[in-house]
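Thanks for coming. I have a few minutes and one structure to walk through, so please look at the screen.

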Amino acid sequence: MKREEIISQVNSLLAEEFEIEESEFAPDANLKETLNLDSINLVDLIALVQTTYKITIPVEDLKKIQTFGNLYDYIESHLPA
Amino acid sequence: MGIWSCIGTTLDEVRQSLFEGRSGIVFSQERKDAGFRSPICGNVPHPDLKKILSRNVRQMMPEEAQYAYVATVQALEQAKLSQDYIDSHEVGVIYGNDSVAESTMVAMDKFRAAGSTAACGSGAIFQSMNSTVTMNLATLFHLKGINLTASAACASGSQSLGLAFLLIKNGLQDCVICGGAEENNMYGIASFDALQTFSTRIDDPTKASRPFDRDRDGLVPSGGAATLVIESYEHAVKRGAPILAEILGWGFSGNGDHISTPNVEGPARSLLRCLESSGVNPHDIGYVNAHATSTPIGDSREAEAIAQVFGDYRVPVTSTKSLTGHEMWMAGASEIIYSMLMMKNDFIAGSLNFENPDEVTQCINVIPETRQQHFDMFLSNSFGFGGTNSTLIIKNL
């Protein structure tokens, strides 16, 4: 899966799940702030990545995913070969 | 009072349906295709909360909590109970609910499909606890008093009002939001359909629910939510609330018998305890809203209990389940609202489809067609699996 495809798919899924316009997404934008996520709703981001890409994000890794760009990077680097 | 049901989603709509004998029962192709023996049910619309509540809030709300929310918004408005008032006073919530089947199933399906609990998402735990309705209402409306779910099968809604009545009577609470909610999806009652106690009048859904009628062949499931604001008289007067009626008393009992087949003695004790705690005699009651669900045995046993308690006095009896189907955890609360609408508008809604009594049900005075009638006091029965019985007496004000 190419990076452009990942970005496009992730943005589309996030927009639908969290009911936020894709136009508000940017690689450097803060994920939690943009998607209105608190500590509980953050679990839905983990669930989305789990069900779509079969990637489990451990809590310690979650702390490193601050921006949309971090999320694209994480998915790209953990996708099964 | 606030209501979201298969016979209306406003008090006015519901009053009109009751008066005109308009049934809310329909055939469900979805249930037939899924393998239901009885694919008929109440037709309850889904409230559209997308523009009212944020995604993160809705994530915690299963169908039954959504129904309860819209019913509660109506009830608070009618009771003139503003959010500002609630924020500065201790208002409680006791609500009847006894299943969270669909939300539990959806979460477990996600878990099993993914092989990971992470797939359940954030809302699953809050949606799949029986107390989901009270936890959602309490957080949405910032309620700081009693926060309790009454799970008593088909008497849950009635028990919620009874418990609130006791707390208020004993000075422990001034104001409690009460009610009952019932999920109306097919998963909530698939296992109930398996018991073969639902009506199979599939070709004529509006004729299927026929409480006390000789040819009744089972109940019809339905759902939705009903909310009532209960408060002490002094509290209501002090805040200038529109006072509709007074709960005179609550009666309850257990059958201590079979898990699904009711007896006569248990319900009769509930009625007698209610009359005693209300300090009234049977002749004071102008109308009985029966629990009668349209099952052969249940209706007979209730008819016998009513006849036993009321003796020679042939009190008018109807079952609004003839129009709504069985709203189960919601029924004890919604049927108080149905009866209130009748009492406030001087009519008794006819028991739809009551055409002929049988040998047992002829012992009570079932009103088959709507009639104009003034009454100032009614009694409402709710009985449930496990032999749980609850009776309320309400007086007009």
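I start with one residue: Val91(B) is found in strand E4, residues 91–96 of chain B. Helices (H or I, at least four residues) and strands (E, at least two) are DSSP runs, numbered from the N terminus.

Before going on, this is a predicted model: local features need pLDDT of at least 70, side-chain atom pairs count only at pLDDT 80 or more, and totals for chains, interfaces and linings use all residues. Residues are numbered from 1 along each chain as its sequence is written, while chains are lettered from A and ligands numbered from 1 in the order in which they are written.

Is Val91(B) buried or exposed? Val91(B) is buried, because 24 other C-beta atoms lie within 10 Å. The cut-offs are these: buried takes 20 or more other C-beta atoms within 10 Å of the residue's own, exposed takes 12 or fewer, and partly exposed is in between, with C-beta atoms placed from the backbone.

Which residues does Val91(B) touch, leaving aside its neighbours within four places in sequence? They are Ile86(B), Leu143(B), Lys144(B), Gly145(B), Cys175(B) and Ile177(B). Contact here puts the two C-beta atoms, placed from the backbone, within 7 Å. Take Cys175(B): it is 84 residues from Val91(B) along the chain, yet their C-alpha atoms are separated by 5.3 Å.

That brings us to strand E6, residues 175–182 of chain B. Here 8 of the 8 residues are buried, so E6(B) is largely enclosed by the rest of the structure. In a regular strand the side chains alternate between the two faces of the sheet. On one side of E6(B), the buried residues are Cys175(B), Ile177(B), Gly179(B) and Ala181(B); on the other they are Val176(B), Cys178(B), Gly180(B) and Glu182(B).

E6(B) has two partners to mention. E4(B) and E6(B) run parallel, joined by 6 bridges, and Val93(B) stands opposite Ile177(B). Strand E7, residues 224–231 of chain B, pairs with E6(B) in the antiparallel sense over 8 bridges. There, Gly179(B) has Thr227(B) as its bridge partner. To count as paired, two strands need at least two bridges found by DSSP.

E8(B) runs antiparallel to E15(B), residues 388–396, with 9 bridges between them. Gly254(B) faces Thr388(B) in that pair.

Now two helices of chain B. H4(B), residues 63–78, packs on H8(B), residues 132–140, at an angle of about 45° with the axes 9 Å apart. Axes are lines fitted to C-alpha atoms, for helices over the stretch in contact, and angles run from 0 to 180 degrees between N-to-C directions. That angle makes H4(B) oblique to H8(B); under 35 degrees counts as roughly parallel, over 145 as roughly antiparallel, 65 to 115 as roughly perpendicular, and the rest as oblique. The contact includes Ala65(B) and Tyr69(B) of H4(B) and Val133(B) and Leu137(B) of H8(B).

Last, the two chains: their contact takes 11 residues from chain B and 12 residues from chain A. On the chain B side, helix H3 (55–58) and helix H6 (101–114) each supply at least two residues.
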